[in-house]
Amino acid sequence: MEYFDRHKGGEKAILVHLDIQKILDPDDLTEFELLVDSAGAERLALVTGSRLKPDAKYFVGSGKAEEIAQLVQEVDADIVIFNHSLSPSQERNIESLVKCRVLDRTGLILDIFAQRARTYEGKLQVELAQLNHLSTRLVRGWTHLERQKGGIGLRGPGETQLETDRRLLQTRVNQLKTKLEKVKQTRAQGRSKRQKSEVLTISLVGYTNAGKSTLFNRLCDEDIYAADQLFATLDPTLRRLNWAGVGKVVLVDTVGFVRHLPHELVESFHATLEETLEADLLLHVIDSSSEDMHEQIDAVKQVLAQIDNNVPVLNVFNKIDTTGEPAHIGYASKDTPNRVYVSAKQNLGIDELILAVQQRLTGKLEIFDITLPFDAGQFKNELYELDVVEAKTYDDVGHEVITVCLPSDKLKLLLGQAGIDPKQVLPNDQAKKLTVKKEPYQIAIDALTKKI
């Protein structure tokens, strides 16, 4: 006896995509096909159609549903996948008619995430998302379990099997939430340590398959998995590196977003997505070669809004090798870059990206000529670690003179930490830029002090 009246799953799939006129933001067919490929299914046929609004029973209408059922028999399909979110009753009705497994868009994305999860945290998040999705669908295919247990040795307190399953499922959901809360606390501790050590965090976000992992590898000289498929990266990857003009930073590669990302995933991956909340700057990687670029940008903004993200954003338009756009920086104002055009794959525009991030994190860049004292070795090393030294010479008495390019506030901070007076190491005109004008009340206090 089988406990589940469910049709067995498989990989030979029939795809169903409808144009629903009352849906303002429909799902893209090309993206749907990429999702199916990413899940590892074999596309046997595509069923399309158009409706004013979804059918309450089958979503597609009875005639189209019969057409799908006949096609399933003809091509011997294992599964029917819809590019739409189906209600539990709609899934149950369609399965009963077509006699094979039926999966909607949300279930498809959850399946891809389940395949991609590698870390302990990733697996917990995916399982939680799957159980949250399943909790609304226990009625599907489980109608024989609605009756109460009966018979010799099977009589119980009156709880139906369906109620038992719901209770057990909720118990597991609570366990997963407890474990993820511990993961959240661990992440928070890690972020707290980075903040105490004044290490800046830069997070890569963007639509799935925009090239985030390829750019991550380029910037970090790493070799994490990157492929031309949706959700190639699921578990966040963190690397520490020296960013020119900024110093030590932590670069984070996060999971890609997609239009109509299931609410269950947003909730379950909140611990991971919080890495973006605590970042100092977001690099929004955009596939500039995509025909749906603007829709993808909006989808990312919607997900960030769901997690209340207010971190500054620098747009990185990737894949310019396919669009012909030259590598350059775009500015929202004179000193504030808001977009950079790059090709992570062809290593184009990376220097411009590094400069734009430097400007966003540290401010306007200026040139300073510093005459180093003989005992300023540590200060000199810090400048070289920041990678801001443009040139070096020596004056008549043998002091090293280095030309640096960095914001005046940053140089003032470094000089203060080293106990060096700007007037002693900089030309007069440059030293004035680092001299803070005294407020009137401070001038009065200084004058009073001198009289006393």
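Strands here are DSSP runs of at least two residues marked E, helices are runs of at least four marked H or I, and both are numbered from the N terminus. This is a predicted model, where local features need pLDDT of at least 70, side-chain atom pairs count only at pLDDT 80 or more, and totals for chains, interfaces and linings use all residues. Residues are numbered from 1 along each chain as its sequence is written, and side-chain values use heavy atoms, with hydrogens and water left out.

**Strand E8 and its partners**

Now select strand E5, residues 200-206. E5 pairs with E8 in the parallel sense, over five bridges. Two strands pair if DSSP finds at least two bridges between them.

Pick Leu-283 and you will find its bridge partner in E9, Leu-314.

Select helix H10, residues 293-306. E8, H10 and E9 make a right-handed β-α-β unit. To check the hand, point the strands away from you: the path from the first strand over the helix to the second runs clockwise.

**Inside E8**

Color residues 281-287 by burial. Why is strand E8 largely enclosed by the rest of the structure? Seven of its seven residues are buried. Buried means under 20% relative accessible area, exposed means over 50%, and partly exposed lies in between (1.4 Å probe, protein chains only).

Show the side chains. In a regular strand they alternate between the two faces of the sheet. Leu-281, Leu-283, Val-285 and Asp-287 point one way from E8, while Leu-282, His-284 and Ile-286 point the other way.

**Asp-253**

Move to strand E7, residues 247-253, and select Asp-253. Asp-253 is buried yet has no salt bridge. A salt bridge needs a side-chain nitrogen of Lys or Arg within 4 Å of a carboxyl oxygen of Asp or Glu. Which side chain of opposite charge is nearest to Asp-253? It is Lys-212, 5.6 Å away.

**Pro-326**

Select the loop between strand E9 (313-318) and strand E10 (328-333), where Pro-326 is found. Is Pro-326 buried or exposed? Pro-326 is exposed, with a relative accessible area of 51%. Not counting residues up to four places away in sequence, Pro-326 touches Ile-320 and Tyr-341; contact means heavy atoms within 4.5 Å. The C-alpha atoms of Pro-326 and Tyr-341 are separated by 7.1 Å.

**Zoom out**

Show the whole chain. It has 16 helices and 14 strands. Of its 452 residues, 46% count as buried.

Definitions and conventions
Lys and Arg count as positive and Asp and Glu as negative; His and the chain ends are not counted.
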